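Please open the structure in a viewer and keep the selection panel at hand.

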Amino acid sequence: MTSIDVTAPPRDVPERTRAAVEPPLRAVLAGLPDSTREVAEYGLAGHDLTTAALTLLCAEAIGDAADAVRVAVALELAHLHEHLHADLMARAVSRNHRPSAWVEFGDERAVGTAEELLSLAFTLLTKPEVVALNTALLSVVDGYVQELDMDERDDVDLAEHLGVAAAKHSALTATACELGALAAGATRAQADDFREFGDDIGLARKHVDDVLAIWGGAVVSGRPLYDDLAHRRRTLPVAAAINAGTDVYAGDASPRERAALVERAGGRRWCEQQAELLLARALGHLRRAAPGAADELAGFARSVTTARCAPQPVLQPAVQPVPQLVSRSAAQPVPQSATQLATQQLVPQPATQPVPQPVVPAQPKAEPQTELTLF
């Protein structure tokens, strides 16, 4: 992936998801006080419902998705809750090409709405589903706590950045895919594979989002060109460049000059290649969970990850092993979950050199020790 060529998702998936999820979602919001509902509906207006789409598509890959609508609504409420808090903590002034909710309505109304949305989400779920969602949200919070600590340090390595990215951006996606599959009657083993699929998709999206936040510009990302660099944020492309020996924020370089530094150090290319590898690994989990029954889900996964930057290369046949992420040593095993990537030191490659893609045989996963959810 080397260019910003935005590709729309499969045409019917967003429309079908909105038709299925938006009416019950608005019905739930109708019970809120006027002041809270106004904030929630404002946030919902810019929401892309990707979490709900993944929930429903995972259910459809197993069978009947009727009960998964309830889960999809709950996960979207939780996702909107997380967005409201995220914008507050980062003091982000815009989301989805509009002022953030806290800018439009103030901190107190944004916080109050976020908490009510989470309460509504829990009322829609069964007890095991509540446990799974709560665990995911605790992972998100832990990611934010770690990020605050990292902001105060100069010795943060790439593995720590990846761990925080996975905690913040993979947990909800993994839970949505797992609970969607379970709602349709998936076995425990299938649900585990759907969870791993969502885990990798969440982190792949984060790599792409961080690239677009620097080079995408307002039309694509809703934020100014080089915005993260202007605010000296250590996003994944920046962390990869620093890991390769380039001090991106040394001196008084302009955001445009910093972007050139990151690109020359291989940070942009590394993120794009990692997104491709994460998608390939995710599709391997998907093939194992629902062989021959998830083509639409695979296409949607591409559309929300690598296809947002450039066309995705032709995938290997299902009988071929899935390429693994690049590690410092080819002999070193690569973690099987995106949330475990912090245990690996991944190495950005110079933009002029291809990144090696070692292939290893797929290993069978051990059965989990609990009958609820895989945390």
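Begin by selecting helix 4 (68-90), which gives four residues to the lining of the largest cavity, the largest share. Here helices (H or I, at least four residues) and strands (E, at least two) are DSSP runs, numbered from the N terminus. A cavity is a set of points, on a 1 Å grid over the protein atoms alone, where a 1.4 Å probe fits but cannot get out, and lining residues have an atom within 4 Å of a point. The model is a predicted one, in which local features need pLDDT of at least 70 and side-chain atom pairs count only at pLDDT 80 or more, while totals for chains, interfaces and linings use all residues. Residues are numbered from 1 along each chain as its sequence is written, and side-chain values use heavy atoms, with hydrogens and water left out.

**The cavity**

Next, select Tyr42, Gly43, Arg95, Asn96 and Ala101; of the 14 residues that line the largest cavity, these lie nearest its centre. Helix 2, helix 4 and strand 2 (98-99) are the elements that each give two or more residues to this lining. By type, the lining has five nonpolar, six polar and three charged residues; Ala, Val, Leu, Ile, Met, Phe, Trp, Tyr, Cys and Pro count as nonpolar, Asp, Glu, Lys and Arg as charged, and the others, Gly among them, as polar. The space in the largest cavity comes to about 110 Å³, and a search of the whole structure finds one cavity of 30 Å³ or more. Such a volume is the space filled by probe spheres set on the grid points, which are joined across faces, edges and corners.

**The nonpolar cores**

Now select Val21, Leu25, Leu29, Leu75, Leu77, Leu117 and Leu133, which touch the most other members of the largest nonpolar core, a set of 44 residues. A nonpolar core is a set of buried Ala, Val, Leu, Ile, Met, Phe, Trp, Tyr and Cys residues joined through side-chain atoms within 4.5 Å. Buried means under 20% relative accessible area, exposed over 50%, and partly exposed in between (1.4 Å probe, protein chains only). Among the elements that give two or more residues to this core are helix 1 (12-29), helix 6 (107-123) and helix 7 (127-151). Helix 4 gives the most, with 11 residues.

Centre the view on Leu29. Beyond its neighbours within four places in sequence, Leu29 is in contact (heavy atoms within 4.5 Å) with Arg37, Ala40, Glu41, Leu44, Leu77, Leu117 and Leu120. Apart from this core lies another, of 28 residues, which includes Leu162, Ile214, Leu229 and Ala275.

Select residues 236-243, which form helix 13; six of its eight residues are buried. These are Leu236, Pro237, Val238, Ala239, Ala240 and Ala241. Against which helices do the buried residues of helix 13 pack? They pack against helix 8 (158-169), helix 10 (188-215), helix 12 (227-230), helix 14 (255-264) and helix 15 (267-289).

Continue to Gly245, which follows helix 13 and has a positive phi, near 105 degrees. Then select Thr246, in the loop between helix 13 and helix 14. Not counting residues up to four places away in sequence, Thr246 touches Ala241, Leu261 and Ala265. The C-alpha atoms of Thr246 and Leu261 are 7.3 Å apart, although 15 residues separate the two along the chain.

**Salt bridges**

The structure holds 28 salt bridges, each a side-chain nitrogen of Lys or Arg within 4 Å of a carboxyl oxygen of Asp or Glu. Select Arg16 and Glu296, whose closest N and O atoms are 2.8 Å apart in one of them. Arg16 lies in helix 1 and Glu296 in helix 16 (residues 295-303), so this pair ties together parts 280 residues apart in sequence. Arg16 is partly exposed at 31% relative accessibility, and Glu296 is partly exposed at 30%.

Move to Arg188 and Glu178, where the closest N and O atoms of the salt bridge are 2.6 Å apart. Both residues are buried.

Finish at Glu272 and Arg268, whose side chains meet in a salt bridge (3.5 Å, N to O). Both lie in helix 15, four residues apart, about one turn of the helix. Glu272 is buried at 3% relative accessible area, and Arg268 is buried at 9%.

Methods
On a 1 Å grid over the protein atoms alone, a cavity is a set of points where a 1.4 Å probe fits but cannot get out, and a pocket is an open set with protein on both sides within 12 Å along at least five of seven lines; lining residues have an atom within 4 Å of a point.
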